[in-house]
Amino acid sequence: MHAVIIVVVLVIIVIGLVIYNLNISKKIQTFNNINQRINNLSIVQDFMSTIGERLPVEQKIQKINDIMIEKYEIKYSTIVVFDGTEYSIKASNVDKKHWNSLKSLQDVDMFKDSIATATPKYVTVNKEGERLPYQQVEFGRAKSAIFFPLYIDNVYIGYWIIESGTPHDFDNVDITILDVVKDNIVSAIKSMMHQKTLETIVRTDKFTGLKSETYLYGEGKKIIDKYTMSTVCMFKITNLELINNKISRELGNKVVTKVSEFFEQNITDEYIMVRYMGPKFAIVFSGVEIEGVVDFLNDKKDVIEGLKISIDDSIEEVAQTEKKRGRKKQPTAVCPKLNFAISTYYKGTGLEEVLRKLENYLDSAPIEESDINNI
């Protein structure tokens, strides 16, 4: 009887221990899941911080790749992007002698289906003497890999491949977690493609030597956003069209050149001036409040509108041209007339919206207006 009781007690204890261990196991799993989410969130934050840094696009992608290698303890990681004409490796920690095969994976049969279906592909060898099907001359480097096709708005733009030197190393990897990482890579590339576009479409105006408007949204913004608040000024040479039509376009170009030179000589390197469009220019006074800008513009406005600009070597030519057209001789020296609009820009808000507001004001203002307007 006592033996039976002891057995029953032992069974109850064993059952209790099993239940306890199961609860502990669930808690550990829950903790691991929470910890993984925290780690993923931390990595996403690292991604976002990298995107916001003042670095060229290529350096940002490489830094993101380095973050993944470190945080997820990945042996090899390579990001390949199709730019519309060819595939190029944007980031990798693999020796460059292997890059030709790594940027040609879209031609490998086993990955074509992965690309077509937008699903990851896991490949591995079973023993040390084998090599992965896409490898050409490299035997010892990679023994298992996961291939992730990358899409932006359902458009295929390249792939991300992670590799290990151990067979079956990714057998127990949670693909859903890596899918989240892949999505973050896509988001980062999408953001940086926009930056790359801005970097490549910036033009230099041939008359003034100034950068075009797009400079403000790329390299220029890195300087502007060093400060929480800046003042944006846009001004328009209101009589430029009249000069072009009534006298000569050559004299109009001279006015544009002289006006831009005057302001460039009177602003510091932290202030950014661009030729916005036609007779309009924009200056961002980085870190300066509106009151200081108004004082500066008031000081300079009288000076520049008092300038008499002419083309000394073309006075006779202009006179002869006007005579042939049956017009009276026009003056060959003019004074530029400027209309100003200024507004405050706050870091993190839309600089393009501020500029558009200023442009709309100047385009709708009376042609005779020549003021400094805070809007």
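This note goes through the predicted model point by point, from the whole chain to single residue pairs.

1. Basis. The model is predicted, with local features needing pLDDT of at least 70 and side-chain atom pairs counting only at pLDDT 80 or more, while totals for chains, interfaces and linings use all residues. Residues are numbered from 1 along each chain as its sequence is written, and side-chain values use heavy atoms, with hydrogens and water left out.

2. Overall make-up. The protein has 11 helices and 13 strands; helices (H or I, at least four residues) and strands (E, at least two) are DSSP runs, numbered from the N terminus. Of its 375 residues, 43% count as buried. Buried means under 20% relative accessible area, exposed over 50%, and partly exposed in between (1.4 Å probe, protein chains only).

3. Surface and contacts. The accessible surface comes to about 20,700 Å², and 53% of it belongs to carbon and sulfur atoms. These areas come from the Shrake-Rupley method with a 1.4 Å probe; for residues, only the protein chains shown count as cover. Among contacts (heavy atoms within 4.5 Å) with a separation of 6 or more, 65% are between residues 24 or more positions apart.

4. An open sheet. Five strands, in the order E2-E1-E5-E4-E3, form an open sheet with antiparallel pairing. Its edge strands, E2 (87-92) and E3 (121-124), each pair on one side only. On average, neighbouring strands are turned by 20° against each other, direction ignored. Two strands pair if DSSP finds at least two bridges between them. E3 and E4 (residues 144-152) pair in the antiparallel sense over four bridges, and Val 123 has Ala 145 in E4 as its bridge partner.

5. Helix H4 on the sheet. H4 lies across E3, E4 and E5 (155-164), at about 35° to E4. Axes are lines fitted to C-alpha atoms, for helices over the stretch in contact, and angles run from 0 to 180 degrees between N-to-C directions. Within H4 (residues 109-117), Asp 109 and Lys 112 are three residues apart, about one turn of the helix. Their side chains meet in a salt bridge (3.6 Å, N to O). Asp 109 is exposed at 60% relative accessible area, and Lys 112 is partly exposed at 42%.

6. Salt bridges in general. A salt bridge here is a side-chain nitrogen of Lys or Arg within 4 Å of a carboxyl oxygen of Asp or Glu. By this rule the count is nine. Asp 179, Lys 182 and Asp 183 are linked in a network of them.

7. A pair in H6. Glu 219 forms a salt bridge with Lys 222, the closest N and O atoms being 2.7 Å apart. Both lie in helix H6 (residues 219-224), three residues apart. Glu 219 is partly exposed at 36%, whereas Lys 222 is buried at 15%.

8. A pair between distant parts. Lys 236 and Asp 363 meet in a salt bridge (3.7 Å, N to O). The pair links strand E7 (residues 229-237) to helix H11 (residues 351-364), its members being 127 residues apart. Asp 363 is partly exposed, at 42% relative accessibility.

9. Helix H9. H9 (residues 290-305) has 16 residues and reaches 22 Å from its first C-alpha to its last, close to the 22 Å expected at 1.5 Å a residue. The expected span is 1.5 Å times one less than the number of residues. Its buried residues include Ile 290, Phe 296 and Lys 301. What covers the buried residues of H9 includes E7, H8 (249-265) and E12 (338-346).
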